[in-house]
Amino acid sequence: MWHAQRAMTVLELILTLAIISILTTIAVPAWHNGLAYGHRAAALNDLRASLAFARESAIVRGTTVALCTSRDHRHCDHGDWGGGWIVYVDRNENYARDAGEPVLRVHAGLDTDDRLSGNRLIAHHVGFMRSGLMHGVHNGTITYRTTPPRLKLRRCLIVSRSGRVRAGNGVHCHV
């Protein structure tokens with residue numbers, strides 16, 4: 001008993017490839033945006049956690065605790081926050097990590113070309129006094145920007161004088 005074998009026609013093959021290409025055209029940009037949102041959320045959450053840790057440490061230890069940009073994870077530098085940062089006890093309140101000032105937390109830099117930069121008030125360092133107040137007199141803003149720049153992905157952390165950190169987005173993020 002013979003059974004006829006059915007093969008795929010050229011028309012069916014072309015239609016299948018067309019459907020796959022349409023679905024790919026829709027899915028790839030959405031997947032790419034999902035990755036970008038994930039990178040942004042991770043970076044800002046890590047920085048927010050470090051800010052909260054520094055403030056809490058200043059209150060608990062009864063001394064000034066600071067964060068500063070640091071690519072080598074030992075010294076403060078004048079890079080942007082995307083290069084990494086350290087949290088340390090700043091005994092002499094000079095916002096430069098000196099010998100004998102312990103590092104409490106280290107964070108590596110971003111693994112993307114995106115930027116995480118502060119406005120002039122907190123461009124390279126943020127300090128919390130033993131009362132939990134931020135050292136200085138104004139709010140500071142650290143903004144996450146994508147490369148290439150996409151306004152819809154811009155988001156920032158705004159640190160108030162009281163040490164409270166809140167999120168902002170888009171045009172509300174000034175650097």
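Residue numbers run from 1 along each chain as its sequence is written. Because the model is predicted, local features need pLDDT of at least 70 and side-chain atom pairs count only at pLDDT 80 or more, while totals for chains, interfaces and linings use all residues, and side-chain values use heavy atoms, with hydrogens and water left out.

To begin with the strands: S4 (residues 115–118) runs antiparallel to S6, and four bridges join the two. Elements here are DSSP runs numbered from the N terminus, with helices (H or I) of at least four residues and strands (E) of at least two; two strands pair if DSSP finds at least two bridges between them. As for cover, S6 is mostly hidden, with five of its six residues buried; buried means under 20% relative accessible area, exposed means over 50%, and partly exposed is in between (1.4 Å probe, protein chains only).

Next comes the nonpolar core. A core of this kind is a set of buried Ala, Val, Leu, Ile, Met, Phe, Trp, Tyr and Cys residues joined through side-chain atoms within 4.5 Å. The largest one has 21 residues, and the members touching the most others are Leu 47, Leu 51, Leu 67, Trp 81, Leu 116 and Phe 128. Two or more residues each come from H1, S1 (65–69), S2 (84–89), S5 (125–128), S6 (140–145) and S7. H1 gives the largest share of this core, at six residues.

Helix H1 spans residues 10–61, and Leu 13 is found in it. Leu 13 counts as partly exposed because its relative accessibility is 42%. Together with Met 8, Leu 17 and Ile 20, Leu 13 makes up a nonpolar surface patch with about 400 Å² of accessible area in total. Patch members have over 30% relative accessible area and no salt bridge, with like charges joined within 9 Å and nonpolar side chains (Val, Leu, Ile, Met, Phe, Trp, Tyr) within 5 Å; the areas come from the Shrake-Rupley method with a 1.4 Å probe, and for residues only the protein chains shown count as cover. Gly 34 also has its place in H1, and at 41% relative accessibility Gly 34 counts as partly exposed. Between the C-alpha atoms of Gly 34 and Ser 117, which are 83 residues apart along the chain, the separation is 22 Å.

On to the cross-links. A search of the whole structure turns up one disulfide, the term covering a pair of cysteine sulfur atoms within 2.5 Å. The disulfide joins Cys 68 to Cys 76, with S to S at 2.0 Å, and the link is left-handed, with -85° about the S-S bond.

In one, Arg 71 meets Asp 77 at 3.6 Å, N to O; Arg 71 is exposed, with a relative accessible area of 54%, but Asp 77 is buried at 17%. In the other, Arg 115 meets Asp 80 at 2.9 Å, N to O. Arg 115 lies in S4 and Asp 80 in the loop between S1 and S2, so this pair ties together parts that are 35 residues apart in sequence. Arg 115 counts as partly exposed, at 43% relative accessibility.

Finally, a word on backbone angles. Most residues other than glycine have a negative phi. His 73, in the loop between S1 and S2, has a positive phi near 65° and is partly exposed at 28% relative accessibility. Glu 93 has a positive phi of about 55°; Glu 93 is placed in the loop between S2 and S3 (103–108) and is partly exposed at 42% relative accessibility.

Note on methods: A salt bridge is a side-chain nitrogen of Lys or Arg within 4 Å of a carboxyl oxygen of Asp or Glu.
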